[in-house]
Amino acid sequence: MRLGVLTGGGDCPGLNAAIRAMVRGTVSEGHEAVGIREGWRGIVARRTIPLDRGAVAGILPRGGTILGTSSYDCFLEEGGVDSLLAGTEELGLDGVVAIGGEGTLGIAHRLHVEHAYHVVGVPKTIDNDLAGTDVTIGFDTAVHVCTAAIDRLHTTAESHNRVIVVEVMGRNTGWIAAASGLAGGADVILVPEAPAAIEDVCDHIRRRHDEGKDFSIVVVAEGYPLTWRSGRQESPVVQASDEYGYDRLGGIGRVVAEELTRLVGYETRVTVLGHVQRGGTPTARDRFLATRLGLEAARLAGSSSWGRMAAVRGNEIVGVSLAEATQERREIPAAWIEAARVVA
Ligand code: F6P
């Protein structure tokens, strides 16, 4: 078989580890691997690179993706699907392994259901919001980066008696905020799944100050809607929408800081971690995870188990349906929210 591999959507640490494992797994089963450039667009544009064991040597610890990535969606382009199907044929691909998040795998699922397309998914996104798997590639590294940043901000907050608001990514879920906030000992963690009222945040910070703690660290997920006790809410701050209609979030950190200054009056600063959360070398856990998922994807594709996604369930790597993986956004468990309530 001739199997293509692509990476779609935002980059994240661990993509190269997954590509390497997919290629080596494919080759060891006696098949051929082909790299597709820049996500689904690469098939339409017929842009590929040959991949063998040697071609993926040395990429395991590298961030980003050697294949490039894009959010190209053939369903949103005039003639896009026909062109993608023709490209698949012309490139001689017997199947495709798509490494991506909800956008990329949503396209994979539609292609499989509507056109019997031969595709297998691998879950990646720092947001960790894909269903069907316990964890996605990139999440652990993002949490690691954010926790390290919170540790550093703690020392400045403490030295200057400041409130520091740290804005982290995560789109419409609070996985990164909750995990890094708990790991970094944040005093307040604000997530979209259970948005705390800003007045309660102020009371908590005032109480800390009354008890002699002159600083506070507030971790806010970019998708947190500013919320008041009255129930009034403002939607998360949207910077723009990209060409495929995805909202670009960001800016809630500043809004929260302004409210804290207005309501409590303590000196407040904002740090937006931004794309630094997605860059650089993957943690050992992400490399290990990506390797196991890449191998499983090669196995699924090699056995023509189309429409499946390699996934983690407990300590096991399993195959789940792309339908299950893309049917809904996975939110943080109630136990995490309770943990944040108790310790933060
Ligand atoms: O989905 C990953 C992610 O990093 C989100 O956390 C964030 O909202 C978004 O991508 C940023 O997208 P872009 O890189 O297009 O600005």
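**Reading the pocket**

A: Start with the space. The largest pocket holds about 930 Å³. Keep in mind that this is a predicted model.

Q: How is empty space found in general?
A: Rolling a probe the size of a water molecule over the atoms shows where space is left empty. In this model, 41 residues line the largest pocket. Those nearest its centre are Gly 10, Ser 71, Arg 171, Tyr 246 and Arg 278.

Q: Which helix or strand gives the most to the lining of the largest pocket?
A: Helix 4 does, with six residues. Helix 4 (102-115), strand 6 (163-168) and strand 12 (247-249) each contribute at least two residues to that lining.

Q: How do the lining residues of the largest pocket divide by class?
A: There are 13 nonpolar, 14 polar and 14 charged residues in the lining.

Q: Where does the ligand sit?
A: The ligand is in the largest pocket. Around the ligand are Ile 126, Asp 127, Met 169, Gly 170, Arg 171, Glu 222, Arg 248, His 275 and Arg 278. This shell comprises five charged, two polar and two nonpolar residues.

Q: Which polar side-chain atoms lie by oxygen atoms of the ligand?
A: Take the distances in turn. A side-chain N or O atom of Asp 127 is 2.6 Å from a ligand oxygen. For His 275, a polar side-chain atom is 2.8 Å from an oxygen atom of the ligand. For Arg 278, the corresponding distance is 2.9 Å.

Q: How much of the ligand does the protein bury?
A: The ligand taken alone exposes 400 Å², and the protein buries 78% of that.

Key
Residues are numbered from 1 along each chain as its sequence is written. This is a predicted model: local features need pLDDT of at least 70, side-chain atom pairs count only at pLDDT 80 or more; totals for chains, interfaces and linings use all residues. Side-chain values use heavy atoms; hydrogens and water are left out. A residue is near a molecule or strand if one of its heavy atoms lies within 4 Å of it. A polar contact is a pair of N or O atoms within 3.5 Å; within protein, one must be able to donate a hydrogen and the other to accept it, and residues adjacent in sequence count only if both atoms are side-chain atoms. Accessible areas come from the Shrake-Rupley method with a 1.4 Å probe; for residues, only the protein chains shown count as cover. On a 1 Å grid over the protein atoms alone, a cavity is a set of points where a 1.4 Å probe fits but cannot get out, and a pocket is an open set with protein on both sides within 12 Å along at least five of seven lines; lining residues have an atom within 4 Å of a point. A molecule sits in a cavity or pocket if more than half of its atoms lie within 2 Å of its grid points. Ala, Val, Leu, Ile, Met, Phe, Trp, Tyr, Cys and Pro count as nonpolar, Asp, Glu, Lys and Arg as charged, and the others, Gly among them, as polar. Grid points are joined across faces, edges and corners, and a volume is the space filled by probe spheres set on the points. Helices (H or I, at least four residues) and strands (E, at least two) are DSSP runs, numbered from the N terminus.
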